[in-house]
Amino acid sequence: MPAEFDPSKVAIVFVLGGPGSGKGTQCARLVKEYGFVHLSAGDLLREEQSRPDSQYGSMIAEHIRDGKIVPMHVTISLLRNAIEANLKKYDNASRPGWGHGHGRFLIDGFPRKMDQAIEFEESVCSAQFVLFLHCTEEMMLKRLLHRGETSGRIDDNAESIKKRFRTFEETSMPVVDAFRKVGKVAEVDSMRDVDNVYAEIEKVMEAKLIQH
Ligand code: UP5
Ligand code: MG
């Protein structure tokens, strides 16, 4: 069965990087300047977790607290539904890259595991490329502990952060490496301040984003 969305109409960029590397921060700026819709897999899962009649609420909370990856059928169906809803919402919009079945999405924090990458590309839509934000654990820890003072996120504490780092190294980096092997990764140094990181990302977008 072919993928549900046609990559010549629907542009998907996967935004990957360790916990606290700045995925959400940079995606928010790209939305403003490139007309992307930003879908954070983590945000979609947190929303689902707090939906009163969700059958997955406690399962999602447990996985997030332990830095474990939620079973892919849940995440992929949340992403798929969000893609469909946004394509519908902006179908008649005068927004760059949108209208008549076209759209562009930043998918932030997904895929984090090889099977998710394969399943998403086969059944939902193939991605144009991966934007990979590189940052040291020392810097990410500092950022996350600082954010944890106000974020209210159940995984912004030293114990959960350690587990998130381990999952990222063991399970998610192999996804980045696999995309790298096929020439689909653009890597940006995410250690610098937000503006400098964004300036690098803009260069990547100008070079790699295929605009339909
Ligand atoms: N900050 C950002 N950039 C900065 C810069 N250049 N200089 C200085 N400070 C900077 O940034 C983090 C903090 O750093 C903020 O305070 C920011 O101001 C500052 P942010 O942009 O939020 O970083 P981000 O990479 O988005 O960090 P996040 O914590 O969201 O990353 P995670 O990958 O850990 O979290 P996510 O929400 O994607 O996933 C959470 C959990 O959900 C996972 O651990 C997993 O359990 C589950 N999950 C799945 O199971 N499956 C999925 O597909 C996705 C998630
Ligand atoms: Mg985030």
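This report walks through a predicted protein model, from its overall form down to single residues.

## How to read the model

Residues are numbered from 1 along each chain as its sequence is written, and chains are lettered from A and ligands numbered from 1 in the order in which they are written. Because this is a predicted model, local features need pLDDT of at least 70 and side-chain atom pairs count only at pLDDT 80 or more, while totals for chains, interfaces and linings use all residues; side-chain values use heavy atoms, with hydrogens and water left out.

## Overall form

Let us start with the whole protein. It has 8 helices and 5 strands. Here helices (H or I, at least four residues) and strands (E, at least two) are DSSP runs, numbered from the N terminus. Along the sequence, they follow the pattern β-α-β-α-α-α-β-α-β-α-α-β-α.

How does the radius of gyration fit a compact globule of 212 residues? Such a globule would be near 17 Å, and the protein has 17 Å, which agrees. The radius is taken over C-alpha atoms, and the globule rule is 2.2 Å times the number of residues to the power 0.38. Along the principal axes, the C-alpha atoms fill a box of roughly 45 × 40 × 35 Å.

## Inside and outside

Of the 212 residues, 46% are buried. Buried means under 20% relative accessible area, exposed over 50%, and partly exposed in between (1.4 Å probe, protein chains only). The protein exposes about 10,800 Å², and carbon and sulfur atoms supply 51% of that area. Accessible areas come from the Shrake-Rupley method with a 1.4 Å probe; for residues, only the protein chains shown count as cover.

Contacts (heavy atoms within 4.5 Å) tell us about the fold too. Among those with a separation of 6 or more, 76% are between residues 24 or more positions apart.

## The nonpolar cores

A nonpolar core is a set of buried Ala, Val, Leu, Ile, Met, Phe, Trp, Tyr and Cys residues joined through side-chain atoms within 4.5 Å. The largest one here has 38 residues, and I12, F14, I83, F105, I107 and F120 touch the most other members. Helix α4 (residues 72-89) gives the largest share of this core, with 7 residues.

Take I107 as an example: leaving aside neighbours within four places in sequence, its contacts are I12, V13, F14, V15, L39, L79, I83 and F120. Apart from this core lies another, with 18 residues, including Y34, F36, F129 and L209.

## Aromatic pairs and a cis bond

The whole structure holds 7 aromatic pairs. Rings of Phe, Tyr and Trp (its six-membered ring) pair if their centres lie within 6.5 Å; planes under 30 degrees apart count as stacked, over 60 as edge-to-face and the rest as tilted. The rings of F110 and F120 have centres 5.3 Å apart and planes at 65 degrees, so this pair is edge-to-face. F110 sits in the loop between β3 (103-108) and α5 (114-123), F120 in helix α5, 10 residues apart. Both are buried: F110 has a relative accessible area of 1%, and F120 has 0%. Ring pairs also link F14, F110, F120 and F179 into a cluster.

The peptide bond from F110 to P111 is cis, with omega near 0 degrees, and P111 lies in the loop between β3 and α5. Most residues other than glycine have a negative phi, and most peptide bonds are trans.

## Two histidines in one loop

H100 is in the loop between α4 and β3. Its phi is near 55 degrees, a positive value in a residue other than glycine. H100 counts as exposed, at 65% relative accessibility.

H102 also lies in the loop between α4 and β3. Is H102 buried, partly exposed or exposed? H102 is partly exposed, with a relative accessible area of 22%. Leaving aside neighbours within four places in sequence, H102 is in contact with S8, K9, L87, G97 and H212.

## Cysteines and a buried aspartate

How many disulfides are there? With a disulfide defined as a pair of cysteine sulfur atoms within 2.5 Å, the count is 0. For C125, the nearest cysteine sulfur, that of C27, is 17 Å away; C125 is buried, at 0% relative accessible area. For C135, the nearest cysteine sulfur, also that of C27, is 15 Å away, and C135 is buried, at 9%.

Finally, D155 is placed in the loop between α6 (137-148) and α7 (158-181). D155 is buried, with a relative accessible area of 5%. Not counting residues up to four places away in sequence, D155 touches I64, S160, I161 and R164.
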